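Subject: Handover of a structure and its findings

Dear colleague,

Please find the structure below, together with its sequence.

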Amino acid sequence: MTGTRWRAGARWRAGARDAALLAPSLAALALLFGGAIIGAARVSLVPLGQGPTLEAWRDLFDDPLFADAVLFTVRTALLSTALAALVALGLALAVRRRGALVRILLALPVPVPHLLVATVAVVWLAPGGLADRALGGLPVTPVRDPAGMGIVLVYVYKEAPFLLLLVLAALGRGHQESDEAAAALGLTPFQRLRWVTWPTVRSPLVVGSIVVLAFALGAFEVPLAVGPSNPPTIAEYAREATQGDLVSGQSTAAAALLLSAVASIALAAIAVRAARDPQGG
Amino acid sequence: MSLRFLASVTAVTLVGVALAACGGGDSDVGTGRAAGKPTAAGFAPTLAAARGQTVRWWMYGGDDKVNAYVDDTVAPAARKLGVRVERVPVVDTADAVQRVVAERRAGKTSNGSVDLIWINGENFAGGKKAGLWLKSWAKGLPNSRYLDPKDPTIRTDFQVPVEGQESPWQRAAFVFAHDSDRVRTPPRDLDGLLAFAREHPGRVTYPAPPDFTGSAFVRQVVAAKGEDAAFAYLRELRSVSYRRGETYPKSEAELSRLFGDGQVDFAMSYDPAFVNSGVRKGQFPRTARPFSLADGSLQNTSFVTIPANAAHREGAQVIADLLLTPRLQAAKADPDSIGNPTVLDLDRLAGRRGLFAETEDSKYLLSDYGRTLAELPANRVEDLEKRWTLEVLRQSP
Amino acid sequence: MSGHELDCRDLSVSPGDSPVLRGLSLTVPAGSRTALVGPSGAGKTTLLRAISGLQDIDAGEVRLGGEPIHARAVHRRGIAVVFQEPRLLPHIDVQDNVALALRAAGVGRRERRRTAAAQLEEVGLGGLADRRVQGLSGGEQQRVALARALCANPRLLLLDEPLTALDPSRRAALRRVIVELQQQRRLTTVIVTHDRSEAAELGQRIALMLEGLIVQHGEPRTLFERPVSAAVARFFGVSNLIPSGAETLAIRPEHVRLEREGGRRGIVVEAVYAGDHVRVVVECGGQRLRAHVPPPDAPRVGEQIGVILPSEHVWPLPAATSRPEVTGSSAAPRVTL
Amino acid sequence: MAALLASAPLLALVVRAFADEWRAPALVPQQLGLRGVQIAFSGSSAEAFGNSLLVAVATAMVALVLAWPAARVLGERRLRHPAPVFLLLAMPLLVPSYAVGTGLTEWFIRLGLDGTLPALVAGHLTFVLPYVVLVLLSGFGPRLTALEEVARVNGLSPFRRLLWVTLPAAAPTVGASALIGFLVSWSDYGTSLALGGGRPMLPVVLLPFVGADPQVAATLALLFLAPAVGVLAAATRAGRMPL
């Protein structure tokens, strides 16, 4: 009797201790992030010098350009993420037994800010850029391409190495052993890929892809540098709104950004559910 | 606030005009007609209060020559007056205005972090409407006596009365560029430009509004042809323009790069000296030349304004006044510097007119911009941009 | 179901540049069980990996049931391997792990489950089919790994120190399971171990591997009592190597008899109680001889005692062994009998 | 090959930085020169470099301290329902940084914090903290717990345990998470502009030149890459993957 009570007490104490350990970072995040969201919501609902109004939200939903922007943003973001994940997976399988040098070279784009990668993309791929000069003409022009190929290209170049690192990290832990065991049992390379490698990398790949997707949905630097002039991405739309009308523009921008944030979080929740274990196998 | 004011008033009554001589490093400041509206004595308290202040001047930061002018010419002159200038580079003037709006929203009515903004057009008009700017200060600047108060581009900004809420410092005129090696005679007017584009499909484009320059190009067409005719013209231009009008450069800088790399035949800018700086940056070929269209050129002035909550409003006024001194205006007009025409009225300069003598002649600068097209009212700008997006850009094939 | 003969000929393998197998040959008759023993670093695991195809070979050939298989991909060799660590897939449950090979072969789900359940029963894990792998103990996991290997219905079963990570009682139990199942199925099996007595229990035959070569392959008793070299003798615990003229005589310590009277007289210099026997060292004519005697009969240190070497247990090592670098480092006491 | 493909584009930046004139169709610059360097090092760039460095280092350090206990709990999988915690952690990563900057500015102005270094550190923390926690937690787990138990039974005080056992054992992940944190802060434009109140920060100084002046942009970009490349090179020398 006292034993169970003691155990319950111990469990409670351990829980309280864990909560205390989590508290500093979670409190800091809740404060900063929550404050930011509340602040953005306030901006969207209360334009400068006016009372609360839903005008900004109404404007947003009435604007055909915003609908274009949402479609375009979702399409490029999904495509970028899927391609980056595929490239990362392919590279991971190709270099998993290679040395540190190859890995470091492949990881090089990871610490490079997006803006710089976009700048470099312009230097190389724009009409009149280095590739154009070297080849005497490009078969396709990804920079400012109306389909957004330039955006996709930059994101794949930038994010595939990031996902590659996650995948390689997952493959480092006992994967080779499991793979050998499966091979010895008579699994073909393709079966091993499906039943051994894929389950190992699925969680980190999905979690990483969510981060990539969310970033691609919300960033404006890359579309600004290589995206088409129409349609804009959501973040670009927001930025342009703030450059238009001073008072209502900020509210419209905040509303657009909030909507994109909610969409990202919803997508992430769906993806995590699909991947089951967010902590990784 | 009131304390500081009291202190400066006391300083003035004690030392009187002697203080004006303190600013004597630059003899333009504080001298002048005692009888006119802006007087040295009237400005003396401001000068006194400005001493020791650091003015944070938020301005577009992508032009090295403008940056160098502020850092190497304005800042040393200001230092002699006891004022430090700190440039805050922004990508777009709207970023600076947003900052002021955020402070207003947060109820910060004094000690704001923006002291001075390089501004004009919609940004100024929007801020004026929202009451963001310090009122009536520009009229009191001693050097404003060199301005022509009847000049519409000085009196109004995109047809919005300035009312002393901003002070001019740069001239803007819409100018095109061509490579004289490639296109010997540039188009005469807008119709000529369209004809050229038809003859050379894919060689003409302009930045997409709401880029400042692209928006100005659209206004240039609207001012020359009337709104509906202008949009018919732009739709016609679309099908023969660069990449069949599917996409446009996002900024003037991008158009300049395309022009420099020979991808299109014309560049354009609201900065009359842009060919000069393009060649200097190595971005344009040395054979690049400016030209204007016979339909006329949009012209306006760009200003500096002081937010009502600026922490260093006196220092900011001193800088605004400094920018109007003939010496600094002349230095700015030098093609080796910004190469920007002065905002001052040369007829009012008397003896100092000679400062501007040698700046007239450069193959990279136009001496005449043709007929002046007045800027449209600021509140029409956003509507035009929106209409362009919907009718020209979005309807692309 | 019955196994095939494994035949390795002149295998040379150099994983990571330095040679580990140097022309090794080994034949395991169909349906038999060979325990592969040797000290750490001898190349036992490398040999298993070469046979299974996880390690490329530089030269030589591997035949299974007469067919050369060394050029085949790992999964086409019909070999199953149980590793030192269980290597189970963490994301699927126990029965799916067991039935992995069946799934690879395209066997239907129902059939897979049935076979896996039967196989789990055989390794003594009847009720655990639906459990997650992480919850199992080390011994249970290793049994699952064994069941998984058997489920593949291999032509050859390779076990790489499958018992090392287990405690003694689980070890014995799993050992019994392995032997029983092997006998039932007459599966050709190679079991790697570094423990000589475990090898004796597990293997119908033992192959001793030293420095990349099989130095002796035969029935356990032969290796224990009739070693072909001093090195083999030492590995199997023949601690008495007595030079005698041109040859060396070997006798196991448990065959050395100590008598209160008679025999060659010597002084007991060491007597250590080791549970089931007492290890006694007798100094005898300048030689040290080791004997294992039952605890009740153990002499005391300092006691004078007689040593008898029964001639039927004295084994003259063949002269001029093939591995001088092994025999050359002899530290055997010099005895003149 | 793929590795070369990944690194080659960046090398063009070096050439671009030292090309005073490089117009199409020339494959090599028409004229090399130091115009970019001169302009990049004039004005407030040096101050911006210092400010950015200071803020990034401070942010990474604060984030490490805050993240450490949380990463422990999560890394050792002590929670029965970790999903909500992970969701909260991930949220700032899922939201446009531009939105966070916009939303925070007003509060910081109200508190009178805007334009100060602590404000910048706090703003950057919104994005840096989640990254640091998520990277750091991979360093904790049974292996580290086992080592700490060894230290414990050997009578090391908690402080010495941390200093002699935990930190050295977790060093690679601590290093990696600090690096990630540093880089996220180092390259953040949105919050630096929104909360900086005009304080020069490197991304803010750099952005206007991107597009407008490729040479200056490339020069500043190289400056911008310097710490990242430095850390990567040091890690390579130490023979360890930092990421």
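**Domains of chain B**

The domain assignment, whose bounds come from an automatic or database domain assignment, divides chain B into domain 1 (7-171 + 301-363) and domain 2 (175-291 + 373-393). Please note that this is a predicted model, in which local features need pLDDT of at least 70 and side-chain atom pairs count only at pLDDT 80 or more, while totals for chains, interfaces and linings use all residues. Residues are numbered from 1 along each chain as its sequence is written, chains are lettered from A and ligands numbered from 1 in the order in which they are written, and side-chain values use heavy atoms, with hydrogens and water left out.

In chain B, 19 residues of domain 1 are in contact with 17 residues of domain 2, where contact means heavy atoms within 4.5 Å. The size of an interface is often given as the accessible area lost when the parts come together. For domain 1 and domain 2 of chain B this buried area is about 1300 Å², with 52% of it on carbon and sulfur atoms; buried area is the accessible area (1.4 Å probe) that two parts lose on being put together, summed over both. On the side of domain 1 of chain B, the residues that lose the most area to domain 2 are B:E122, B:F158 and B:K363, together 43% of what that side buries.

Which elements give two or more residues to the side of domain 1 of chain B that touches domain 2 of chain B? They are α4 (64-80) and α6 (121-129) of chain B; helices (H or I, at least four residues) and strands (E, at least two) are DSSP runs, numbered from the N terminus. With three residues, α6(B) gives the most to that side. The residues of this side of domain 1 of chain B comprise six nonpolar, six polar and seven charged. Here Ala, Val, Leu, Ile, Met, Phe, Trp, Tyr, Cys and Pro count as nonpolar, Asp, Glu, Lys and Arg as charged, and the others, Gly among them, as polar.

Between the two domains of chain B there are zero salt bridges, a salt bridge being a side-chain nitrogen of Lys or Arg within 4 Å of a carboxyl oxygen of Asp or Glu.

**Where chain A meets chain B**

The contact between these chains takes 36 residues from chain A and 35 residues from chain B. Chain A and chain B bury about 2800 Å² between them, of which 49% is on carbon and sulfur atoms. In chain A, the residues losing the most area to chain B are A:L48, A:R144 and A:L246, together 24% of what that side buries.

How many salt bridges are counted between chain A and chain B? The count is six. In one of them, A:R133 pairs with B:D261, and the closest N and O atoms are 3.3 Å apart. Helix α11(A) gives the most to the side of chain A that touches chain B, with five residues. That side of chain A divides into 16 nonpolar, nine polar and 11 charged residues.

**Salt bridges in the chains**

Over all chains, the count comes to 62 salt bridges. The side chains of B:K250 and A:E236 meet in a salt bridge of 2.2 Å, N to O. This pair crosses between chains, from the loop between α10 (227-240) and α11 (252-260) of chain B, which holds B:K250, to helix α11 of chain A, which holds A:E236. B:K250 counts as buried because its relative accessibility is 16%, and A:E236 is buried at 3%; buried means under 20% relative accessible area, exposed over 50%, and partly exposed in between (1.4 Å probe, protein chains only).

In chain C, the side chains of C:E111 and C:R114 form a salt bridge (3.1 Å, N to O). Both residues lie in helix α4 (residues 109-122) of chain C, three residues apart, about one turn of the helix. C:E111 is partly exposed, with a relative accessible area of 38%, whereas C:R114 counts as exposed at 52%. Elsewhere, salt bridges that share partners join A:R17, A:D18, D:R72, D:E76, D:R78 and D:E148 into one network.

**A histidine in chain D**

D:H124 is placed in helix α6 (residues 117-136) of chain D. Is D:H124 buried or exposed? D:H124 counts as buried because its relative accessibility is 1%. Not counting residues up to four places away in sequence, D:H124 touches D:V55, D:T59, D:S185, D:D188, D:T191, D:S192 and D:M201.

Yours sincerely
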